[in-house]
Amino acid sequence: MRKYNDKHIPVLPQEVISYLIWNDNGIYVDCTVGEGGHTALIANKCPNSRIIGFDVDFEVLELARQRLEGFGNVTLIKASYVDLPLILKTMEIERVSGILADLGISTYQLKAEDRGFTFNRDEPLDMRMDLEQTTSAHDIVNSYSEKKLADIIFRYGEERFSRRIAKSIVNNRPINTTRELVEVIQKALPPAELRKRRRHFATKTFQAIRIEVNKELKNIEQLLKNAEELLEIGGRLAIISFHSLEDRIVKHFIKNSKFLKQIAGPIKPSEDEIKSNPRARSAKLRVAERI
Ligand code: SAM
């Protein structure tokens, strides 16, 4: 196991439970188990239900396995929620009562050594949530064309200086570590811009590359389609997003769906929650019901 001395605190715990659970004997799917925080809350709240948890990261899933050992009604599966219909079919499950997705990365991925998600430490450029996947941040940074990199940094990072950063990346290849990438981004940004930024100047570029590595936005669209297909009438879909690109996809999909009706959201964490769990700061929960 990698060195890791932290613990992921589930965001919006009461809100998730009160909206997601409506049938004490139902089947619930946690699409993004992570360290198992939300899964444990669901299992505690309704011991007579069945809970199926997915995560693509076998390392984090091992932490969840240890945490959830005592619950006989939880099944954990190392798979992408994109494959939910296929996997439920093999389990002979046609419909479920609730689907939860807590998007973004887990504290484990951010803090465990050498996962390459953070600009705060020097690590190999990786950023894969699924360690069995072949494409990593290293491949993208070192092989994509300047134009493709600029597009990704602009679209997924909403970075105004995407062209300059892409050019700097291409001119400084090979880039092997997170620190090298941070230095390349720093060189590309005008000094006035560097002084002006409230958040770390590498935040947007790192976000963009992470989204590209893990196909995060494409996956959310598939998740929403899966929810339409798999929820029973009255079933609930609860999605927690962490930035506007994710929330926009969720909001528009639900608005245009014939099968889902938004019943709550966007719900944001209280000041107290943010104080005790700063990672919750940008979280937004939307809940839809299958009609
Ligand atoms: N709710 C969890 C808890 O309370 O411990 C934390 C979830 S964490 C924010 C998000 C998790 O989603 C990560 O562990 C990540 O590996 C997983 N993930 C991301 N994309 C996924 C996908 N397509 N399928 C399954 N899991 C995914």
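Domain bounds here come from an automatic or database domain assignment. This is a predicted model, in which local features need pLDDT of at least 70, side-chain atom pairs count only at pLDDT 80 or more, and totals for chains, interfaces and linings use all residues. Residues are numbered from 1 along each chain as its sequence is written.

**View 1. Two domains make up the chain.** Domain 1 covers 13-108 + 218-290, and domain 2 covers 116-214. Their centres, taken over C-alpha atoms, are 29 Å apart. Six residues of domain 1 are in contact (C-beta atoms, placed from the backbone, within 7 Å) with five residues of domain 2. The side of domain 1 that touches domain 2 has four nonpolar residues, no polar ones and two charged. Here Ala, Val, Leu, Ile, Met, Phe, Trp, Tyr, Cys and Pro count as nonpolar, Asp, Glu, Lys and Arg as charged, and the others, Gly among them, as polar.

**View 2. Residues gather around the ligand.** Helices (H or I, at least four residues) and strands (E, at least two) are DSSP runs, numbered from the N terminus. By type, the shell divides into nine nonpolar, 11 polar and four charged residues.

**View 3. Asp102 sits in strand E4.** Asp102 is buried because 25 other C-beta atoms lie within 10 Å. Buried means 20 or more such atoms within 10 Å, exposed 12 or fewer, and partly exposed in between, with C-beta atoms placed from the backbone. Not counting residues up to four places away in sequence, Asp102 touches Val11, Thr32, Gly34, His38 and Ile240. The unreviewed UniProt entry places a "binding site" feature at Asp102, and also at other residues, including Gly36. UniProt feature names are shortened, positions follow the numbering used here, and annotations may be inferred rather than shown by experiment.

**View 4. Gly36 lies in the loop between E1 and H2.** Gly36 is buried, with 27 other C-beta atoms within 10 Å. Leaving aside neighbours within four places in sequence, Gly36 is in contact with Ala64, Arg67 and Leu68.

**View 5. Ala192 lies in helix H10 (residues 191-196).** Ala192 and Ser244 are 52 residues apart in sequence and 26 Å apart in space, C-alpha to C-alpha.

Methods. A residue is near a molecule or strand if its C-beta atom, placed from the backbone, lies within 6 Å of it. Two residues are in contact if their C-beta atoms, placed from the backbone, lie within 7 Å.
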